[in-house]
Amino acid sequence: MFKKIEESSLRERKRVREIRKSLMSILWEKSGTWRWLVRQTRDSKPFFIGFATVCGVVPGIIGFCVMSATNSRSPELEAKLRQNARPDTLMMGQVNKERLAEYLGELQRKENTNDRYVAALRGETLTRKPYQRIQPVSKPSDAEAKKEQK
């Protein structure tokens with residue numbers, strides 16, 4: 001049985017190699033530009049370095065320009081978006097700011113924050129009470145779950 005599996009996987013690998021060869025041969029046999037490019041990069045180290053630079057730097061410059069053109073960091077736009085924000089979005093933003101401030105404060109005071117990771121791995125959340133930091137996440141009871149479904 002294992003021999004049959006090995007033979008089939010060997011056949012599959014050979015078939016993939018043949019497909020790759022045929023694709024490369026199409027490029028090599030039909031495209032004069034491809035052959036010229038391969039010859040130039042093989043024979044000339046400066047050409048290779050220049051070609052590699054063009055392939056790496058030019059897309060980076062284009063990406064930077066596109067990101068700069070589509071950047072929405074204008075104060076007017078931010079004010080307009082904040083004005084039209086839903087209440088739950090504003091509340092979540094405030095909660096996130098508070099949590100980040102608490103975490104950064106703990107880091108500044110050089111407190112041990114490993115219990116955050118332990119709590120997250122156990123599916124628990126941390127409270128703001130200093131002596132009772134870890135509190136399990138409450139799971140809804142069956143009655144509450146049925147109420148929510150109705």
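Is Arg 86 buried or exposed? Arg 86 is exposed, with a relative accessible area of 54%, where exposed means over 50%, buried under 20% and partly exposed in between, with a 1.4 Å probe and protein chains only. Bear in mind that this is a predicted model, in which local features need pLDDT of at least 70 and side-chain atom pairs count only at pLDDT 80 or more, while totals for chains, interfaces and linings use all residues. Residues are numbered from 1 along each chain as its sequence is written, and side-chain values use heavy atoms, with hydrogens and water left out.

**Overall layout**

- The chain has seven helices and two strands; these are DSSP runs numbered from the N terminus, with helices being H or I of at least four residues and strands being E of at least two.
- Reading from the N terminus, the order of elements is α-α-α-α-α-α-β-β-α.
- Of the 150 residues in the chain, buried ones make up 5%.
- Helix α5 covers residues 87-108, which is 22 residues. From first C-alpha to last, helix α5 reaches 31 Å, close to the 32 Å expected at 1.5 Å a residue (the expected span is 1.5 Å times one less than the number of residues).
- Just after α5, Lys 110 takes a positive phi of about 60°.

**Salt bridges**

- The structure holds four salt bridges, each being a side-chain nitrogen of Lys or Arg within 4 Å of a carboxyl oxygen of Asp or Glu.
- As background, side chains of opposite charge can pair when their charged atoms come close.
- Arg 15 is partly exposed at 46% relative accessible area, and Glu 12 is partly exposed at 39%.
- Another joins Asp 43 and Arg 42, where the closest N and O atoms are 3.1 Å apart. Asp 43 is exposed at 55%, and Arg 42 is exposed too, at 58%.
- Arg 86, the residue we opened with, bridges to Asp 88, the closest N and O atoms being 3.4 Å apart. Asp 88 counts as partly exposed, at 39% relative accessibility.

**Aromatic residues**

- There are two aromatic pairs here. The rule takes rings of Phe, Tyr and Trp (its six-membered ring) with centres within 6.5 Å, and calls planes under 30 degrees apart stacked, over 60 edge-to-face and the rest tilted.
- What kind of pair do Trp 36 and Phe 47 make? Their ring centres are 5.5 Å apart and their planes are at 80°, so the pair is edge-to-face. Trp 36 lies in helix α2 (residues 32-43) and Phe 47 in helix α3, so this pair ties together parts that are eleven residues apart in sequence.
- Phe 47 also pairs with Phe 51: the ring centres are 6.4 Å apart with planes at 5°, so that pair is stacked. Phe 47 and Phe 51 are four residues apart in helix α3, which puts about one helical turn between them.
- Trp 36, Phe 47 and Phe 51 form one aromatic cluster. Trp 36 is partly exposed at 42%, Phe 47 at 25% and Phe 51 at 33%.

**Nonpolar surface patch**

- Val 54, Val 58, Ile 62 and Val 66 form a nonpolar patch on the surface, with about 330 Å² of accessible area together. Areas come from the Shrake-Rupley method with a 1.4 Å probe, and for residues only the protein chains shown count as cover.
- Patch members have over 30% relative accessible area and no salt bridge; nonpolar side chains (Val, Leu, Ile, Met, Phe, Trp, Tyr) are joined within 5 Å and like charges within 9 Å.
- Ile 62 belongs to helix α3 (residues 45-69).

**Cysteines**

- A search of the whole structure turns up zero disulfides, a disulfide being a pair of cysteine sulfur atoms within 2.5 Å.
- Cys 55 is partly exposed, with a relative accessible area of 45%, and Cys 65 is partly exposed, also at 45%.
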